[in-house]
Amino acid sequence: MAPFGTVVRSWQHWRRGRDLAVPAGSTDVEDVNRRFLLYGVLPLWVLPGVADWWMHRRTCIEHTTGVKESAVHALMMTEAGLPVAMGLLAKINPLVLSAMGTAAVAHGATALYDVSIATEKREVRPLEQHIHSFLEVLPLAGMAFTACLHADEVRAAVRGGRGPDDWKLLPKPQPLPAKYLLGLGVVIGGGVILPYAEELARCLRARRPLPVS
């Protein structure tokens, strides 16, 4: 119970450290990679997600694969969202890197299942298939950038960890700026959560039997 209590206490004070600086004008390799990950890969991930939602809408998902496929989309968002949240809030250590790798594999397998469902009853156009390629690669790109920024933690993970703290979910010693986290949350909420919640609600409405007049 003591180790768990230590983790809980550490999260109670997770914003007390000095915010991680991400200099806008720095050309240092580490700064450039972190800047591209935070302000490029993560926000731009929303664009193919919105495009994919629009393709589902155009091909009337609610009248074809319906709730089943939409639920799979929600599962894939969870598989992608949890490791992203961990990477944004938690200290990057072997536990977080292992979770990212596991989630990436699970996301890829679920994406394959998703396409197998869709092609049975719904037209999956070449453009939608191309959009899927971005959605499958971006999680791997995000994980790759994170691994490059924390090569020492990758080495520790391969060796089984240096100690118990490597396998605890701990807050970042230098948290990301609150304004950045809030802005990214708004982007994800408006560009991912709301559209796919609308899709699931639409599918649920279409599944209900029409009232008998």
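1. The largest nonpolar core of this predicted model comprises 19 residues. Within this core, the residues with the most contacts are Leu-38, Leu-42, Trp-45, Leu-88, Leu-176 and Tyr-180. Four helices each supply at least two of the core residues: α2 (29–44), α4, α6 (126–149) and α8 (178–207). A second, separate core has 5 residues, among them Ala-90, Ile-92, Val-96 and Met-100. As general background, nonpolar side chains tend to be buried together in soluble globular proteins.

2. When its neighbours within four places in sequence are left aside, Leu-42 is in contact with Leu-37, Val-84, Leu-88, Tyr-180 and Leu-184. Of these partners, Leu-88 and Tyr-180 are themselves listed among the residues with the most contacts inside the largest core.

3. What is the setting of Arg-34, and is this residue buried or exposed? Arg-34 belongs to helix α2. Its relative accessible area is 11%, under the 20% limit, and Arg-34 therefore counts as buried. Apart from neighbours within four places in sequence, the contacts of Arg-34 are with Leu-20, Val-22 and Leu-149.

4. The pairing of α4 with α5 can be described in some detail. Helix α4 covers residues 66–89 and helix α5 covers residues 94–121; they pack at an angle of about 165°, and their axes are 9 Å apart. Because angles over 145 degrees count as roughly antiparallel, α4 is roughly antiparallel to α5. The crossing of α4 past α5 is left-handed.

5. Which residues form this contact between α4 and α5? On the α4 side they are Lys-68, Glu-69, Val-72, His-73, Leu-75, Met-76, Glu-79, Ala-80, Pro-83, Met-86 and Gly-87. On the α5 side they are Val-96, Ala-99, Met-100, Ala-103, Ala-106, His-107, Thr-110, Ala-111, Tyr-113, Asp-114, Ile-117 and Ala-118. By class, the residues of this contact comprise 15 nonpolar, 4 polar and 4 charged. Val-96 and Met-100, which take part from α5, also belong to the second core.

6. Regarding the overall architecture, the protein contains 8 helices and 0 strands, and its elements run α-α-α-α-α-α-α-α from the N terminus on. The C-alpha trace spans about 65 × 45 × 35 Å along its principal axes.

7. Two figures describe the chain as a whole. The protein has 213 residues, of which 39% count as buried. Among contacts between residues at least 6 apart in sequence, 84% join residues at least 24 apart.

Definitions and conventions. Residues numbered from 1 in each chain as written. Predicted model: local features only at pLDDT ≥ 70, side-chain atom pairs only at ≥ 80, totals over all residues. Heavy atoms only, no water. Axes fitted to C-alpha atoms, helices over the stretch in contact; angles between N-to-C directions. Parallel < 35°, antiparallel > 145°, perpendicular 65-115°, else oblique. Left-handed = near helix turned anticlockwise from the far one by under 90°. Contact = heavy atoms within 4.5 Å. Nonpolar A, V, L, I, M, F, W, Y, C, P; charged D, E, K, R; others polar. Core = buried A, V, L, I, M, F, W, Y, C linked by side-chain atoms within 4.5 Å. Buried < 20%, exposed > 50% of the residue type's maximum accessible area, 1.4 Å probe, protein only.
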